[in-house]
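Let's take a friendly look at a protein and its DNA. Have the structure open while you read.

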Protein chains: 2
Amino acid sequence: MNLRELSERLNLSQTTVSRALNGYPEVNEETRKRVAAAAAKFNYRPNIRAQTLATGRSMSIGHIIPFSKQNEMVNIVFADFIAGAGEVYAQHGYSMSLSLVRDEDELNAYQGVAEKGAVDGIIVHSPARDDPRISFLSDLDIPFLVHGRASEVTTPYSWLDVNNKRAIKTGTAHLLDLDHRRIGLINGEERMDFAQRRRDGYLAALTAAGITPETALMRSGEMSEPHGYASAHDMLDSTEPPTAFVASSIVSALGVRRAIEERGLVMGRDISILCFDDDISYLPNGRTTPVFTAMRSSVRAAGRRCAELLIDQIKIPQQGMATELWDAELIIGGSTGPCPKGR
Amino acid sequence: MNLRELSERLNLSQTTVSRALNGYPEVNEETRKRVAAAAAKFNYRPNIRAQTLATGRSMSIGHIIPFSKQNEMVNIVFADFIAGAGEVYAQHGYSMSLSLVRDEDELNAYQGVAEKGAVDGIIVHSPARDDPRISFLSDLDIPFLVHGRASEVTTPYSWLDVNNKRAIKTGTAHLLDLDHRRIGLINGEERMDFAQRRRDGYLAALTAAGITPETALMRSGEMSEPHGYASAHDMLDSTEPPTAFVASSIVSALGVRRAIEERGLVMGRDISILCFDDDISYLPNGRTTPVFTAMRSSVRAAGRRCAELLIDQIKIPQQGMATELWDAELIIGGSTGPCPKGR
DNA sequence: TCAGACATCCAAAGCGCTTTGAAGTGATTC
DNA sequence: GAATCACTTCAAAGCGCTTTGGATGTCTGA
């Protein structure tokens, strides 16, 4: 059942039926009811492919995910982000189009998706410091918004980011206030912009306290439980082990905790952990009594807000770039305590 | 730059240009090269909206996710599933269209998506025992595949599922072999088919061993860390606490472990845990030395296979329903041990 | 030399919708 | 009674591709 058929049955023109269905004013209320009734009766729905061709809008937002390198993107944080974004898309009648592409194909995929008109806008995930996607998308002239920032990119673009540097600086300072002097950093991959900024925050806090950073106390890699475990394990095995850790994610913090408990140490007494907490719904840190002391910022809320900002941009293209910098909140949990005496 | 423009510049018909670009044989190799060169030069890409309208195929697969009830779907397991499916889609030139819908709108969303021609096929996630979506999609006459099964649905449909009953029966039997007699079950939500089947497996193993199941030892709910913690906490507080737990997910197992360790008990010695392990990339159980004894089946592999099966079905519609039942593998880890004497 | 096979190309007809510009009604105004 | 107006409705022109059904020219074999 298509529009032509439906309009023939109703003895009306396609124009009128289309307008009746889409709520245009220039159609008799009586007629509109007849049309609506017939549409329901014949179970008619407009073909979305034809609709998007005619309107020029696809009502869908693209997310392009590189997947070759150790699943960089399709992770637990990502799931919460798209849950947030998806909610907002649904409210506005958009759907979300995910394409997983091999890293080396990524630029092509953007171009394909954008230029072909498959999507009305794009969200860029986890930018690298000098991310080529950004200038690429600017050239393509399609609305897009970056979740995060790319420090070395000079072209203006819309973004939403957590103040990662300040967050980790605050967190590290908190550990310093507890008299910890040897603090291990277990960071994400430092080609990612956010990881660099977190490292900067860590270094800034140490420097401000007059402590010389040691490369032996700084690790970076996949934000997984095993990487957290392995990194903490290594550092704890060294001759001068750290008394506290800053972990870039609650997932790696779980690994750190395992390494600590494995050697009979008590978290929060013998060794402290502070982590970045994306407030993931399936791995919550606890509201009333947080397990980990953490810098918290909800990635789901970020997903929601990114979607809103992008949809605004699609609807009102002439408005300028949107940028938002969120501050993470320090949450005191049970994983931190004063540095044990004599350490 | 569209096809008309491009063909004008080349002094060729749209037909020829289209065929040259799409690799049809009836075009001179010389001409094809000219066309390809011009397309590259003018940075031409076919408009995908027009393409899908003309071909009748949208080259995209729909996943519709209900989101109101405690984020049922957008979870860590789901992320791995779509990572797997997405890989396969990418290889075949498909993209993935996610729509998050409120539960009460879900049937409408299916109908919308399907009938409107937005997608060529649909994957159904986490079916309930009597899931209305299945007969609904059958009526819509669109290819679809269910990840999981719906026991009470009688219409035939394509599915891929893990043999959940056998998996948990095997796992529970393993604990029984270690002389555990009081075994707690921390299940997913039992309106979900897979959770029911897991419960059936648990009950079957107990019954086979001549043990009467106790409702006090059976919990179900969200498969989150806090739910695992709270359930285990409760049971351990009872007058006759269990000596072992069967957890429906590695995430809830993390919560169980926390409850155990919190009271100074040692996992694998004082209390055993066996869990279902979806082999999630960011929360791996460990390959060489698994933390948890588990029934393992990779959800990412399932995602890949579901995508393959669905694409087959789209390409060759006349073939019958595809069904696959996977067996989970028992992995011995450090979380289980013989029941302590006198318990 | 000519029919038929083959290679190459094209005009035009969709795909199913939206939207422009115009036309057909009565009712109202002057 | 003519002109104006608001209200409805419609025919037709896109949107940018794919694909059908030729058309044209070239080559082959008898």
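## Touching the DNA

Start with A:Arg19: one of its polar side-chain atoms sits 3.0 Å from a base nitrogen of DNA strand D. Keep in mind that this is a predicted model. Over on chain B, B:Thr15 puts a polar side-chain atom 3.1 Å from a base oxygen of DNA strand D.

Which elements give two or more residues to the surface near DNA strand D? They are α2 (14-21) and α4 (48-55) of chain A, plus α2 (14-21) and α4 (48-55) of chain B.

## The wider surface

There are 28 residues around DNA strand D, and the ones that come nearest are A:Thr15, A:Glu26, B:Leu3, B:Ser18 and B:Arg19.

What kinds of residues line the surface near DNA strand D? Sorted by class, you get ten nonpolar, 14 polar and four charged residues.

## Where two helices pack

Now find helix α11 (residues 250-262) in chain A and helix α11 (residues 250-262) in chain B: they pack at an angle of about 35°, and their axes are 14 Å apart. The crossing of α11(A) and α11(B) is left-handed.

Who makes the contact? From α11(A) come A:Leu254, A:Arg257, A:Arg258 and A:Glu261, and from α11(B) come B:Leu254, B:Arg257, B:Arg258 and B:Glu261. By class, that contact has six charged residues, two nonpolar ones and no polar ones.

Notes: Residues numbered from 1 in each chain as written. Chains lettered and ligands numbered in written order. Predicted model: local features only at pLDDT ≥ 70, side-chain atom pairs only at ≥ 80, totals over all residues. Heavy atoms only, no water. Axes fitted to C-alpha atoms, helices over the stretch in contact; angles between N-to-C directions. Helix = DSSP H or I, 4+ residues; strand = E, 2+ residues; numbered from the N terminus. Left-handed = near helix turned anticlockwise from the far one by under 90°. Contact = heavy atoms within 4.5 Å. Nonpolar A, V, L, I, M, F, W, Y, C, P; charged D, E, K, R; others polar. Near = heavy atom within 4 Å. Polar contact = N/O pair within 3.5 Å; in protein donor to acceptor, adjacent residues only side chain to side chain.
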